[in-house]
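Q: I would like to learn how to read the features of a protein model, one at a time. Where do we begin?

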Amino acid sequence: MSETLTEILRRRLELGPITVADYMRLALGHPTRGYYRTRDPLGGAPGGALPAPGGDFVTAPECSQMFGELLGLWSAHVWGLLGQPDPINLVELGPGRGTLMADALRAVRLVAPGFHAAVRVHMVETSPVLRARQAKALEGERVEWHERITDLPPGPFLLLANEFLDALPIHQLVKHDGEWRERQVGLSPQGEFTFLTAAAASPLARLLTPDVAAAPDASIAEVSPAIRGAVTAIGRRLAHYGGAALLIDYGYAKPAAGDSLQAVRRHEYHPVLKDPGEADLTAHVDFEAVGQAARLTGVDVHGPIEQGLFLTRLGIVERAKRLVRDLDRAQAREIVEGMDRLIAPQRMGSLFKVIGLGPAGLSALPGFLG
């Protein structure tokens, strides 16, 4: 019988502790036992049918068809601002079941057929399980799959990434005796997974902003070279080939000290170090760091702004009104509930942020100006 990821990880930790970032990489991406390699983690049904059964969590595209539709129309509008390049690569990072892309393409096929004809769809996805779901959702479309951002073909592109950055590995630092040290995952004397603190200062402390660096002893801070690397790769391609990118995730507009690492299983919070490979692991995205990494590549940064404001500016309320006209009461309630989940401040509307990347000098991207 093959080893579980818990057994694999315990054997590795017998050699010494690892960083939180390495723990996340193993728990989420181990080739045969990683969380994203072995399952469809999403709950809900494509199109936003409620209630949302199964899975471990629900993302915006599974809440409402309007999310993908509006992002598709956003892409078509930006394509026009770019001079309508043909062909244009439409890229999604971490595309889940393919629901967002399917909804986006359905909308533009009806409203912007010229854009739809020019589009070549590219999905960056490592999970064979989810690739199969995406292929089914996008049957009849021209689609290519890739392991990494750097594998994408040359040419101008429009890139969508919803809840992609939050699953990239983070390093956690603990302030001890006035210096920031790496937080690690190791074994307790009883052989259980536990958090430890490295003995020496971490060079990653240079990435902390002055306000965070000044936090008191025992504070935790988070940095993510992986997120910075992904944004840098996007920005460099954008600066070279032209295009635009839209990054949507939960996080904070300004960095702050604190522990945001969390595990979710069956729609409930789960102990972070329990059952590695069986629960989703994510952390809040530092959008200031995202913007800084992008600007260093020479692209313009738009936002971040709250998701609720962004979708409202794109016309989600008007779209919902049109959808409910010919529906019965139960179906109309589903549409309104899906919209509320996406834009209400106490739900996804405020916690989720949107940041846009565009070529230097391009007029403001749709949704970022009132």
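Q: Which residues does Leu 71 touch, not counting residues up to four places away in sequence?

A: The model is a predicted one. In it, Leu 71 touches Leu 100, Leu 160, Leu 246, Ile 248, Phe 310 and Leu 311, with residues up to four places away in sequence left out.

Q: How many residues are in the largest nonpolar core, and which of them touch the most other members?

A: A nonpolar core is a set of buried nonpolar residues joined through side-chain atoms within 4.5 Å. The largest one here has 48 residues, and those touching the most other members are Leu 71, Phe 115, Leu 246, Phe 310, Leu 311 and Leu 342. Helix H4 (residues 65-81) gives the most to this core, namely 8 residues. Another core, of 28 residues, lies apart from it; among its members are Leu 168, Leu 238, Ala 293 and Val 301.

Q: Is Leu 110 buried or exposed?

A: The cut-off for exposed is over 50% relative accessible area. Leu 110 has 71% relative accessibility, so it counts as exposed. This residue lies in helix H5 (residues 99-111). Together with Leu 73 and Val 111, Leu 110 makes a nonpolar surface patch of about 310 Å².

Q: Which way do the residues of strand S16 point?

A: In a regular strand, side chains alternate between the two faces of the sheet. From S16, Phe 352, Val 354, Gly 356 and Gly 358 point one way, while Lys 353, Ile 355 and Leu 357 point the other way.

Q: Why is strand S16 described as largely enclosed by the rest of the structure?

A: Buried means under 20% relative accessible area. In S16 (residues 352-358), 7 of the 7 residues are buried, so the strand is largely enclosed. As for partners, strand S10 (residues 243-252) pairs with S16 in the antiparallel sense over 6 bridges, and Leu 247 stands opposite Ile 355 of S16. Strand S15 (residues 300-306) also pairs with S16 in the antiparallel sense, over 5 bridges. There, Asp 300 has Gly 358 as its bridge partner in S16.

Q: Which strands pair with S6?

A: S6 pairs in the antiparallel sense with strand S9 (residues 220-223), over 4 bridges. Gln 172 has Glu 222 in S9 as its bridge partner. S6 also pairs in the antiparallel sense with strand S7 (residues 179-187), over 4 bridges, and Lys 175 stands opposite Trp 180 in S7. The hairpin of S6 and S7 has 2 residues between the strands, and Asp 177 takes a positive phi near 55° in it.

Technical notes:
Residues are numbered from 1 along each chain as its sequence is written. This is a predicted model: local features need pLDDT of at least 70, side-chain atom pairs count only at pLDDT 80 or more; totals for chains, interfaces and linings use all residues. Side-chain values use heavy atoms; hydrogens and water are left out. Two strands pair if DSSP finds at least two bridges between them. Buried means under 20% relative accessible area, exposed over 50%, partly exposed in between (1.4 Å probe, protein chains only). Contact means heavy atoms within 4.5 Å. Patches are made of residues with over 30% relative accessible area and no salt bridge: like charges are joined within 9 Å, nonpolar side chains (Val, Leu, Ile, Met, Phe, Trp, Tyr) within 5 Å. Accessible areas come from the Shrake-Rupley method with a 1.4 Å probe; for residues, only the protein chains shown count as cover. A salt bridge is a side-chain nitrogen of Lys or Arg within 4 Å of a carboxyl oxygen of Asp or Glu.
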